[in-house]
Amino acid sequence: MGKPNIIFYFTDQQRHDTLGCYGQKLDISPNLDALAKEGILFEEAYTAQPVCGPCRALFQTGQYPTAINCFRNAQPLPLHVKTLADYLNEAGYETAYVGKWHLASERKDYSTPPIVDYETKAIPPERRGGYRGYWRAADLLEFTSHGYGGYVFDENMQKCEFDGYRADCITDFALDFLEQYKGEKPFFMTISHIEPHHQNDRGCYEGPEGSKERFKDFELPGDLAALHGDAREMYPDYLGCCRSLDDNLGRLIEKLKEKGIYKDTIIIYSSDHGSHFRTRNRDEHLCGGDDYKRSCHSACLHVPLVIAGPGFEGGKRVRELVSTAGLPKTILAAAGVDVGDAMAGENLKEIAEGNLRNHTDRVFAQISESRVGRCIHTRDWLYSIHAPGLDGNLYPSSDYYEEDFLYDLKNDPFELTNLAKDDKYRDIRAQLAKELQEEMKKAGEKVPVIAPSK
């Protein structure tokens, strides 16, 4: 075969432990579980920025959000940055996008009107990040739709309304692309679902009708069971959203098989970040807004990552820690494009194949909006710092940070006991601070001062 087709199927605010292949006991993900048995499952995949817009900016450019002034929501993708779609267009791919974009509009803050406003309007071609073909998207899908009903816009900037359950309808658009696909070029399609993100204007998760009863016998993950958030009320609908995503993944796979291109197509399943269900960022270091994410805890960072298709086969489970910052580079490598150091992260195919020569088995993340923060996650430790007094909505970074938290992951897997002020761990914190400074430098940041927690 020639170059593979590639589908990036990514969800919004989905914890890894919602899925059977990651230990979920309820019947949430039969299709993804089957796909994982064919392909590669990364057990320890972490986002590099657990906020919607910044993570999407990284996915589309391979650049850390602070490097392109997309460190928080409501900052548009710079028009001059070469994107994933730009590279793939040059490599002879047809590029298509379906779902939530979240990279066109601009606000100074959420108390004033947008400066550049495509939040509920059609996004012009120059603000689509290089996607030139099929387009069924809204900048803020949560503003143009609810769990049931809404609209997106097509490549000609015409409104496309839908009435059914949103995840079904977004998938319908993706299936429409596949139905009209002629096979003249390989294709790259991003399917950007908003589920299981909470519905902003209603303050709740909107699973398909009947989710509360269908998933009432849930077990909360250890962190949510121990802490006092809103998961006991919200989790059944959250799981209902996740089951719908899996049902629609199944529909997508069936269509690929019907078209005879399943074996020629790489499918990547991941999420921008997880959810802490209002259990984190309730401390004295909160310096900005928060609801379900915006935290360096694993509830927000640890995401699903399954890749299956040509080059990603065998049902392997990868234990190494990896960052989803490497997805753009991985996608381009699968398409035969080597970007070298022009993008952040690793080619995850090499990690899956056991090529660990340059792998450090630690992941780095930036955090904004709830505070200006950074963290490093190793096999044994989670260590985070924050910039005191700096609003995470206003400042991308700082020259000075203080320690925020340290968790002993082997003995405290649910991150309940903060060791940042415990003298017994002073040397460990010093070593982790040094490693974190190294990661910040690699991300293009100035090496900051890191002081003890006060």
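This dialogue works through several features of a predicted model, taking a general idea first and then the case at hand.

Reader: What kind of model is this, and which residues count for local features?

Author: The model is predicted, so local features need pLDDT of at least 70 and side-chain atom pairs count only at pLDDT 80 or more, while totals for chains, interfaces and linings use all residues. Residues are numbered from 1 along each chain as its sequence is written, and side-chain values use heavy atoms, with hydrogens and water left out.

Reader: Is Arg136 buried or exposed?

Author: Buried means under 20% relative accessible area, exposed over 50%, and partly exposed in between, with a 1.4 Å probe and protein chains only. Arg136 has a relative accessible area of 12% and is therefore buried. Arg136 belongs to strand β4 (residues 135-138), where strands (E, at least two residues) and helices (H or I, at least four) are DSSP runs numbered from the N terminus. Leaving aside residues up to four places away in sequence, the contacts of Arg136 (heavy atoms within 4.5 Å) include Tyr97, Phe153, Asp154, Glu155 and Asp176.

Reader: How many residues of helix α2 are buried, and what covers them?

Author: An α-helix has 3.6 residues a turn, so residues three or four places apart point the same way. In α2 (residues 52-61), ten of its ten residues are buried, among them Cys52, Arg56 and Thr61. The cover over these buried residues includes strands β1 (5-11), β3 (94-100), β7 (187-192) and β8 (265-271), together with helices α3 (84-90) and α10 (327-334). Just after α2, Gly62 takes a positive phi of about 70 degrees.

Reader: In what order do the five strands of the open sheet lie?

Author: Strands of a sheet pair through backbone hydrogen bonds, either parallel or antiparallel. Two strands are said to pair if DSSP finds at least two bridges between them. The order here is β12-β13-β14-β15-β16, with mixed pairing, and the edge strands, each of which pairs on one side only, are β12 (363-367) and β16 (449-451). Neighbouring strands of this sheet are turned by 25 degrees against each other on average, direction ignored; axes are lines fitted to C-alpha atoms, for helices over the stretch in contact, and angles run from 0 to 180 degrees between N-to-C directions. Strands β14 (residues 381-386) and β15 (residues 400-408) pair in the antiparallel sense over six bridges, and the bridge partner of His386 in β15 is Glu402. Helix α12 (residues 426-442) packs on the sheet, touching β12, β13 (373-377), β14, β15 and β16, and its direction makes about 70 degrees with that of β14.

Reader: How many cavities does a search of the whole structure find, and what lines the largest?

Author: Rolling a probe the size of a water molecule over the atoms shows where empty space is left. On a 1 Å grid over the protein atoms alone, a cavity is a set of points where a 1.4 Å probe fits but cannot get out, and lining residues have an atom within 4 Å of a point. Grid points are joined across faces, edges and corners, and a volume is the space filled by probe spheres set on the points. Of the 13 residues that line the largest cavity, the closest to its centre are Asn281, Cys296, Arg371, Asp404 and Phe405, and the elements giving two or more residues to its lining are β14 and β15. The second largest cavity holds about 40 Å³ of space, and its lining includes Ala74, His102, Glu119 and Asp139.

How values were computed. On a 1 Å grid over the protein atoms alone, a cavity is a set of points where a 1.4 Å probe fits but cannot get out, and a pocket is an open set with protein on both sides within 12 Å along at least five of seven lines; lining residues have an atom within 4 Å of a point.
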